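Hi everyone, thanks for making time.

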Amino acid sequence: MGHVRLKTLPKTRAWIEIVRYIADGADVSKVAGATMQAADKAFAVIQNDRGFAETVDLMTQLAVAARSDDPVAHFEALGIKLSDHTTVTDVALAIVSALDKGVSAEGKSSDFGEMAQNALVFAVIEQLNDRYGTLLTLSAHELETALADLGKRAAFGRLSRSFFSNLTNRSLDYFLSKTIGTQIGEGQRFATMNQVAQFKNALETHCREASEIVQRFSADWFSKIHYENNGHISKQKSKDFGRFAMEKMRSEMKKRAEPDAS
């Protein structure tokens with residue numbers, strides 16, 4: 001399978017400004033918002049990326065499966081088989097396998113598609129950990145119970161928030177990584193790798209806080225669409241949802257970078 005790699009951002013005035021922000025120790029929200037602005041076209045690509053669309057569709061189908069009359073059979077149809085020997089790792093691998101099959105028809109994947117895939121795995125594992133802690137092995141009943149929660153309005157909102165928050169953070173890190181690398185060392189913005197880690201942790205927290213708007217939207221969207229379509233959510237509706245949720249993240253990140261933002 002081929003792989004589509006994104007080009008690095010050009011040395012435009014906007015990007016040079018971001019480098020200056022980092023060098024001057026600007027607030028994370030300002031750096032994140034400026035990056036969103038400078039990489040606007042690239043972030044628009046995320047919303048139309050096939051891998052992203054397939055990932056959002058699988059996320060919604062996990063919730064649909066949880067609300068179905070036979071959740072176990074529905075999960076198996078998605079490629080997630082539950083047994084007494086199923087582990088959290090098995091669930092993660094099943095998600096990756098299902099997504100790989102969905103994208104393989106086009107014959108190529110993208111960096112954004114892979115980031116979306118990893119973000120969904122992260123979000124599902126976080127859901128399992130929230131209920132049972134960081135256990136590697138769960139019984140079939142425990143896994144079924146945890147996954148069944150995804151069909152609840154509030155739980156889907158949390159899952160979606162985790163996904164879009166993590167994806168946004170991964171995307172920002174994708175663009176900022178090379179720039180940050182030039183600012184490490186004596187006399188630079190980051191004197192140590194520990195300071196780099198602190199900056200990245202702050203960026204992750206910022207994305208998490210900004211994603212609150214997506215949590216509310218996602219919970220309401222799933223409840224409404226699931227009800228109006230008698231428990232069925234089409235790929236097109238999932239695609240539209242993903243694009244709109246990502247647009248909300250982009251807008252919120254830019255808004256929080258404004259000087260008068262609270």
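Let's start with a question: is Glu54 buried or exposed? Glu54 turns out to be buried, at a relative accessible area of 15%. By buried I mean under 20% relative accessible area, with exposed being over 50% and partly exposed in between, using a 1.4 Å probe and protein chains only.

Quick background before I go on. This is a predicted model, where local features need pLDDT of at least 70 and side-chain atom pairs count only at pLDDT 80 or more, while totals for chains, interfaces and linings use all residues. Residues are numbered from 1 along each chain as its sequence is written, and side-chain values use heavy atoms, leaving out hydrogens and water.

Back to Glu54, then. Glu54 makes a salt bridge with Arg50, with 3.8 Å between the closest N and O atoms. A salt bridge here is a side-chain nitrogen of Lys or Arg within 4 Å of a carboxyl oxygen of Asp or Glu. Arg50 itself is partly exposed, at 30% relative accessibility. Helices, by the way, are DSSP runs of H or I with at least four residues, numbered from the N terminus.

How many salt bridges does the rule give? The count comes to 11. Let me show you two others.

Asp173 and Lys200 pair up at 3.3 Å, N to O. Asp173 is in helix α9 (residues 153–181) and Lys200 is in helix α10 (residues 193–210), so this bridge ties together parts that are 27 residues apart in sequence. Both ends are partly exposed: Asp173 at 26%, Lys200 at 33%.

Then there's Glu247 with Arg250, at 3.0 Å from N to O. They're three residues apart in helix α12, residues 235–256, which is about one turn. Arg250 is buried at 6% relative accessibility, whereas Glu247 is partly exposed at 30%.

Last stop, helix α8, residues 140–148. Which residues are buried there? Those are Ala140, Leu143, Ala146 and Leu147. Looking down the α8 axis, the buried residues fall within an arc of 135°, so they line one face of the helix. That arc is taken from the directions from the helix axis to the C-beta atoms.

Methods:
Helix = DSSP H or I, 4+ residues; strand = E, 2+ residues; numbered from the N terminus.
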